[in-house]
Amino acid sequence: MKELKLCESDFRFMCVVWENEPLNSGRLVDLCNQKLGWKKSTTYTTLRKLCEKGFAQNVDTVVSSLVAKGDVQAYAGNRFIENTFAGSLPNFLVSFLGGKKISDKEAEELKKLIDDYKE
């Protein structure tokens, strides 16, 4: 499986692409300046790097993603749970909840999610 790991700045850049694709590279420069405070050179350097890594493409100055946002988020979440909680989803949930209680509705939603993903 392809590694879908992105550093924070690359993820923020890809969020701009995901939210606006397909978009002209000039528009991408404008959006990255507005949303990330980036200069044109930073945007084009990052775009080139992410195209080389297979996350995005720039065809005839039209930029689009090659990897879905959800896939990158799932990969990051799985790596976090694996690295921080030895792969234990229950340990992650206990830590995430931090002792706070959840509502009956939230508990039912979690139960449904678990049932949907059972092997």
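Guide: Buried means under 20% relative accessible area, exposed over 50%, and partly exposed in between (1.4 Å probe, protein chains only). This is a predicted model, in which local features need pLDDT of at least 70 and side-chain atom pairs count only at pLDDT 80 or more, while totals for chains, interfaces and linings use all residues. Residues are numbered from 1 along each chain as its sequence is written, and side-chain values use heavy atoms, with hydrogens and water left out.

Visitor: Phe 13 and Trp 38, buried or exposed?

Guide: Both Phe 13 and Trp 38 are buried.

Visitor: And how many aromatic pairs are there in the whole structure?

Guide: The search finds six aromatic pairs, where rings of Phe, Tyr and Trp (its six-membered ring) pair if their centres lie within 6.5 Å, and planes under 30 degrees apart count as stacked, over 60 as edge-to-face and the rest as tilted. One of them joins Phe 13 and Trp 38, which is stacked because the planes are at 10 degrees, with the centres 5.9 Å apart.

Visitor: What about Phe 80 and Phe 92?

Guide: Phe 80 and Phe 92 pair edge-to-face, with 6.2 Å from centre to centre and 85 degrees between the planes. Phe 80, Phe 85, Phe 92 and Phe 96 form one aromatic cluster.

Visitor: Switching topic, how many disulfides does a search find?

Guide: It finds zero disulfides, a disulfide being a pair of cysteine sulfur atoms within 2.5 Å.
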